[in-house]
Amino acid sequence: MNLKNSKFYKRIQELRRFSKEKIRKDREQRTSVRLDMALSEQRPGHDSDFEWSSSPRRHISPRRRIKKTKTKKKLAGTRLTAGKDTVCSSPADEELQPDDEIQSYIQLNDKCYRLSCTRQLAGKDSRVDASSISEAKSAICVSNSRYAMIGKISKTLGYKLVKETKLWNILWSDSFPGVELFKNMKRFQQINHFPGMIEICRKDLLSRNLNRMFKVYPHDYKIFPKTWMLPADYGDAMNYALTHKRTFILKPDSGAQGRGIWLTNDLKTIGANERLICQTYVHRPLLIDGYKFDLRVYTLITSVDPLRIFVYNEGLARFATNKYVEPTSGNTTDLYMHLTNYSVNKRNSHYELCDNDDCGSKRKLSAINNWMSRHNYDVKEFWTNVDDVIIKTVLSAWPVLKHNYHACFPGHDKIQACFEILGFDILVDWKLKPYILEVNHSPSFHTNEQVDREVKRPLIRDTLSLVSAVLADKRQIMREDRKRVKQRLLKTKGETLQRPRANGGSSIGKPKIDGSHTKVEPEEELDSLAQQIAWEDSHMGNFRRIMPPVEATKAEYYSQFYGQTNQVSIFAETAASKKREDLARKMRLQIEEKKAKQDMMLNGRNKTDKRKRQVVLLPRAVREKNRVQLYRLQEHWVPGFISDAEERLRHTWLQMRSEAIRSLRITESVYATLYEAGNLSNTDMAVYPHLYQHLQNGFDIKQHI
């Protein structure tokens, strides 16, 4: 057999040619000098503010020539002079000082040019131009969002709209994504949800976290109304209702948009097994023009380790549409008075649309600040208290957020993998004390009214400008990942590239013991984190940073809430914990009983019956063959044909049977026999009342009635 004519040999030769061609292209790419790299090359710690001057030099090797089309684009607006037969040389690398003149050389049209430029050291106040977003052409995917405004604003900022299957930089979704999406994200990608943020976005989990923190820090966590989770805390809620005459508001544990919320003065009307969130009603809220209202405060979280929180200076105040009266037994059903949800009040005929800031059922926070200033309230102190409520709410779930983030993104070392806009609903009482009501993980970005457009459009624009997606070089990261995969597959000897760790604050710059010697991790993660912090602080827009706080005293105060240890023992041996254990045990028994009934219905008798004869199992191949055959029979089964003649014959026989029973008086005979034996049931008396009445009167129903 001639091997040269075989398909295997031809395939080997084809792979060889492909490999040689790839090596040749890589070599040419490495040796070629690109003009854009020459213009953008910088030393570390210097900016690229160039003052150009030129002088001609001699020819260079033809290998280093550059295409004319590229150079014309890159050198538009630069001043160059050319000379013939000049020699290209470069100055030696020296330590540069600010405002030093640097010389470099490029080649254009078979001539070499000397470029002279002045570089300045980057100071602390140096900022990255916002136009870098449009130059980088970052991609954003908004296919999982129902708000068209996000895509329009992204286009104006220079983002490219792509599908989810493409390599996007930012993915904007209205719902929580799955874990698989988190696991498959690249190191340059960001998503607008943190894993585990549901810990404060569901009403029941938020109540559990706040109650836990209140038991540990009772003086610091008086930031929410007294809350019980039913049915676990049913006994505690009933004991509180017996000693306090209060109005309670009941909410579903995972509801939204005001659905399923109602008020009551008597907790006895609640079932012991209903899953609800029970809160004491704030009966004296702050009123504006006689109406109750709450505040929608937009909060941006860009990192959980370290924790960085920004609050938008503009937001919404949502008003009820009926004037407020303290709750009584007659007005607890008036939801337009007690609830401030927009989805509820927009259905009321009294909902007011107004373009003025001082009127309308939905107003901006700036209008509320102006109203407070006119009524001699301390606006600065009020917003300091609101910021305190937001920080403590996020800190209640911080251990879970940190753990989930590092579990889902162990390799994000360039930028943070997530950011999230949260909508905090804050209720203010008559003493100007804020209370947290709920947290929305996906606040509405509908722009049905003018006030919505004035608030939400700048919010989205400032958010996309603040996130650090543009700091990650997509091409460089993909090259590094491919190189790492190649080294792992080919088992390259020498120094191995380890998978980078996430930039957690606890692991940066700390030594690690490896065998008998000690290694110190590189500080690239610290540089990336510092770069992100500098970017965020210089692109805040209308945001203000509340965490970490600027004041050192506040930073020291909030540091105590990070050490949440021994959380399980807080609820140990309490009435609520025992109630939870009883409910869990009852649920487990119910599931076991249901499963046992299903098995008994399928098999005819209980599986746990020890008297059941042990059946000899057939070989596995035989059982599998029988199972497939039975499945095919069931799959292709069709009902048989029934002829009209057979159906008429069946009806005739049924009529003959009924006539025989009636003529032979079989029913009456059986009924009389049961009556004489005393075995008649209540059902028999109800179905045949006339027979029972005749037997009571002494008639012989066997012969005649």
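A charge sits over a ring if NZ of Lys or CZ of Arg is within 6 Å of the ring centre and within 35 degrees of the ring normal. In this predicted model, Lys362 and Tyr342 meet that description: the charged end of Lys362 sits over the ring of Tyr342, 3.7 Å from its centre. Lys392 does likewise with Tyr221. Its charged end lies over that ring, 6.0 Å from the centre.

Tyr221 leads on to the ring pairs. It belongs to a cluster that ring pairs tie together, along with Tyr217, Tyr557, Tyr558 and Phe561. Across the structure there are 24 aromatic pairs. One of them joins Tyr312 and Phe543. The geometry is edge-to-face, with 4.9 Å from centre to centre and 65° between the planes. This pair connects distant parts of the chain. Tyr312 is in strand E14 (residues 307-312), Phe543 is in strand E21 (residues 543-547), and 231 residues separate them.

Trp371 and Tyr377 make another pair. Their ring centres are 5.9 Å apart. Why does this pair count as stacked? The planes meet at 20°, and planes under 30 degrees apart count as stacked. The burial of the two partners can be read off in the same way. Trp371 has a relative accessible area of 12%, so it is buried. Tyr377 stands at 30% relative accessibility and therefore counts as partly exposed. The cut-offs behind this are under 20% for buried and over 50% for exposed, with partly exposed in between.

Now turn to the helices. Ser154 has its place in helix H5 (residues 148-156). Its relative accessibility is 0%, so Ser154 counts as buried. Which residues does Ser154 touch, leaving aside its neighbours within four places in sequence? The contacts are Ile140, Tyr159, Leu161 and Leu464.

Leu464 takes the reader to helix H15, where it is one of the buried residues. H15 covers residues 450-466, which makes 17 residues. From first C-alpha to last, H15 reaches 25 Å. That is close to the 24 Å expected at 1.5 Å a residue. The buried residues of H15 include Val451, Val455, Leu459, Ile460 and Leu466.

Definitions and conventions
Residues numbered from 1 in each chain as written. Predicted model: local features only at pLDDT ≥ 70, side-chain atom pairs only at ≥ 80, totals over all residues. Heavy atoms only, no water. Helix = DSSP H or I, 4+ residues; strand = E, 2+ residues; numbered from the N terminus. Expected span 1.5 Å × (residues − 1). Buried < 20%, exposed > 50% of the residue type's maximum accessible area, 1.4 Å probe, protein only. Phe/Tyr/Trp six-rings, centres within 6.5 Å; stacked < 30°, edge-to-face > 60°. Contact = heavy atoms within 4.5 Å.
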